Amino acid sequence: MKIGVIGGGASGMAAAITAARYGADVTILEQNERVGKKILATGNGKCNFSNLHLSDTCYHSGDPDRIGAILRQFGTEDTLEFFHGLGLMTRERNGGLYPACEQASAVLDVLRFALERHQVTVMTGSRVIQIRAKTKTGTGREKRGFVVQVQKEGGQSLCSFDKIILACGSSAGLKNPDEENGMKLAGGFGLRRIPFFPALVQLRCQESFFRAMAGVRCQAGVTVKAGGQTWEETGELQLTDYGISGIPVLQLSRHASVALHHQKTLSAVLDFLPQLNEEEWRVMLLARRKKLGFETMEQFWIGTVHKKIIGVILKINCISPHEIARNVTIEKLLSVGKMLKQFPVTINGVNPSAQAQVCGGGVRLTEVTDSLEARRQKGLYLTGELLDVDGRCGGYNLQWAWTTGVLAGKAAAETI
Ligand SMILES: Cc1cc2nc3c(=O)[nH]c(=O)nc-3n(C[C@H](O)[C@H](O)[C@H](O)COP(=O)(O)OP(=O)(O)OC[C@H]3O[C@@H](n4cnc5c(N)ncnc54)[C@H](O)[C@@H]3O)c2cc1C
């Protein structure tokens with residue numbers, strides 16, 4: 001059984017190792033100069049490769065009811081067993097799983113060594129530009145397998161395989177979006193697809209004051225509102241010169257992407273004091289005024305939230321930082337206090353896929369069986385982000401890559 005794996009990313013490598021373990025002769029065709037480049041950037045270089053709290057509710061898809069049946073066949077425990085079997089020591093933090101050394105390169109290294117051990121042929125700098133299913137011969141006998149057209153630096157060549165595993169990923173993180181051609185390759189077999197869109201990505205805001213707050217990182221609540229719907233997350237918020245970023249923002253960004261696509265008006269409210277409720281904060285603020293009324297506005301807020309945020313809020317409320325606190329009316333002081341709990345911003349865009357960790361969209365899940373074989377094309381399997389599934393931050397996307405890679409690799413090698 002000769003299997004060609006198109007794409008040497010997370011799901012492609014998992015598929016190749018598994019297929020080789022089941023006795024197949026496996027070749028990976030990877031367009032980059034090395035395999036698994038994206039893995040090195042995951043989890044801020046630490047690679048959050050899975051999560052103990054795996055559930056199909058951590059994922060989005062146009063066909064969400066199909067996810068559970070696939071995940072249940074290869075979940076977190078299986079992933080741990082897979083990596084421990086490759087020699088990787090792991091550690092857990094708040095449910096997230098990482099290599100014990102917290103170096104993403106360790107995950108890539110154990111995968112690369114396993115490819116070598118299982119004698120998987122790795123052809124880098126090899127971009128697949130076309131896949132054709134072999135058709136009937138002149139005598140009418142059914143021919144099985146695929147012919148793959150590969151573009152390399154020196155020109156083009158053809159390779160022949162019995163089975164194909166399409167593991168091309170999405171356009172997330174690609175500097176040049178034209179690099180993404182997995183959707184086109186899948187489209188060649190008539191598979192139905194949803195165009196990719198950025199799903200874990202930073203949000204762009206309209207207000208010019210973001211330039212004055214750039215670089216601030218703080219715990220915050222973020223609520224995104226669109227067309228009567230609201231979504232909330234809390235965590236480390238990052239303020240940038242163009243808008244907002246950080247885990248809570250990434251988690252909400254998919255909803256923003258979809259709402260913007262439907263041309264809905266989008267806004268967000270930032271809560272810079274998520275540890276206090278409104279009333280607790282009001283009482284605290286009034287007590288603070290009594291105690292520190294002699295201070296300037298600049299001094300009065302020290303230690304509440306980052307001073308860049310205070311600077312912007314004072315400016316919006318037309319209060320001079322040199323104003324003495326007791327000379328500011330209670331109403332005005334409470335208005336500043338309220339803004340620290342409910343800071344309104346207008347979202348006018350999301351960053352492009354190049355800056356996204358993950359894309360929504362892809363080949364519809366209804367196009368594949370539970371073992372990831374294309375329903376319309378026997379012998380063709382699809383894995384990872386190329387499928388219309390995107391997960392929350394927290395290791396769920398790599399888990400999807402391992403799950404689909406291992407299942408496709410096994411099914412491709414086992415079935416004739
Ligand atoms: C900055 C960043 C941080 C992330 N952090 C995390 C994290 O901590 N945890 C988590 O779970 N997920 C994380 N992700 C998401 C995760 O990396 C992806 O979901 C996962 O890598 C998808 O695996 P894949 O195999 O589907 O695609 P990829 O890993 O993207 O692999 C696809 C491969 O196919 C190759 N390819 C494409 N087309 C062709 C072609 N025509 N011919 C030959 N080769 C081709 C590409 O060059 C690429 O190597 C992160 C992503 C980014 C960008």
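Predicted model: local features only at pLDDT ≥ 70, side-chain atom pairs only at ≥ 80, totals over all residues.
Student: How many helices and strands does the protein chain have?

Tutor: Helices (H or I, at least four residues) and strands (E, at least two) are DSSP runs, numbered from the N terminus. The C-alpha trace of the protein chain spans about 95 × 45 × 40 Å along its principal axes. Within that chain there are 13 helices and 21 strands.

Student: What share of the 416 residues is buried?

Tutor: A residue is buried if 20 or more other C-beta atoms lie within 10 Å of its own, exposed if 12 or fewer, and partly exposed in between, with C-beta atoms placed from the backbone. In the protein chain of 416 residues, the buried share is 44%.

Student: How far apart do the C-alpha centres of domain 1 and domain 2 lie?

Tutor: The domain bounds come from an automatic or database domain assignment. That assignment gives domain 1 as 2-198 + 359-414 and domain 2 as 202-351. Their C-alpha centres lie 41 Å apart.

Student: On the side of domain 1 that touches domain 2, how many residues are nonpolar, polar and charged?

Tutor: Two residues are in contact if their C-beta atoms, placed from the backbone, lie within 7 Å. The contact takes seven residues from domain 1 and nine residues from domain 2. For the classes, Ala, Val, Leu, Ile, Met, Phe, Trp, Tyr, Cys and Pro count as nonpolar, Asp, Glu, Lys and Arg as charged, and the others, Gly among them, as polar. The side of domain 1 then divides into three nonpolar, two polar and two charged.

Student: Which residue is the bridge partner of S50 in β6?

Tutor: β3 pairs with β6 (residues 96-99) in the antiparallel sense over two bridges. N51 stands opposite G96 in β6. For S50, the bridge partner is L97.

Student: Which residue takes a positive phi in the hairpin of β5 and β6?

Tutor: These two strands pair in the antiparallel sense over four bridges, and T90 stands opposite P99 in β6. The hairpin has two residues between the strands, and the one with a positive phi, near 50°, is N94.

Student: Is α4 roughly parallel or roughly perpendicular to α13?

Tutor: Helix α4 (residues 76-85) and helix α13 (residues 396-414) pack at an angle of about 80°, with their axes 10 Å apart. Axes are lines fitted to C-alpha atoms, for helices over the stretch in contact, and angles run from 0 to 180 degrees between N-to-C directions. Angles under 35 degrees count as roughly parallel, over 145 as roughly antiparallel, 65 to 115 as roughly perpendicular and the rest as oblique. That makes α4, relative to α13, roughly perpendicular.

Student: Which residues in α13 do T76, T79 and F82 meet?

Tutor: The residues of the contact of α4 with α13 divide into three nonpolar, three polar and no charged. From α4 come T76, T79 and F82, and in α13 they meet Q399, W402 and V406.

Student: Which helices do the buried residues of α11 pack against?

Tutor: In α11 (residues 307-316), the buried residues are I309, I310, V312, I313 and L314. After the helix comes C318, with a positive phi near 55°. The packing partners are α7 (210-213), α10 (297-300) and α12 (330-341).

Student: How many other C-beta atoms lie within 10 Å of L270?

Tutor: L270 lies in strand β17. Leaving out residues up to four places away in sequence, L270 touches A220, V222, L237, F343 and V345. L270 is buried, and the number of other C-beta atoms within 10 Å is 24.

Technical notes
Residues numbered from 1 in each chain as written. Pairing = 2+ DSSP bridges.
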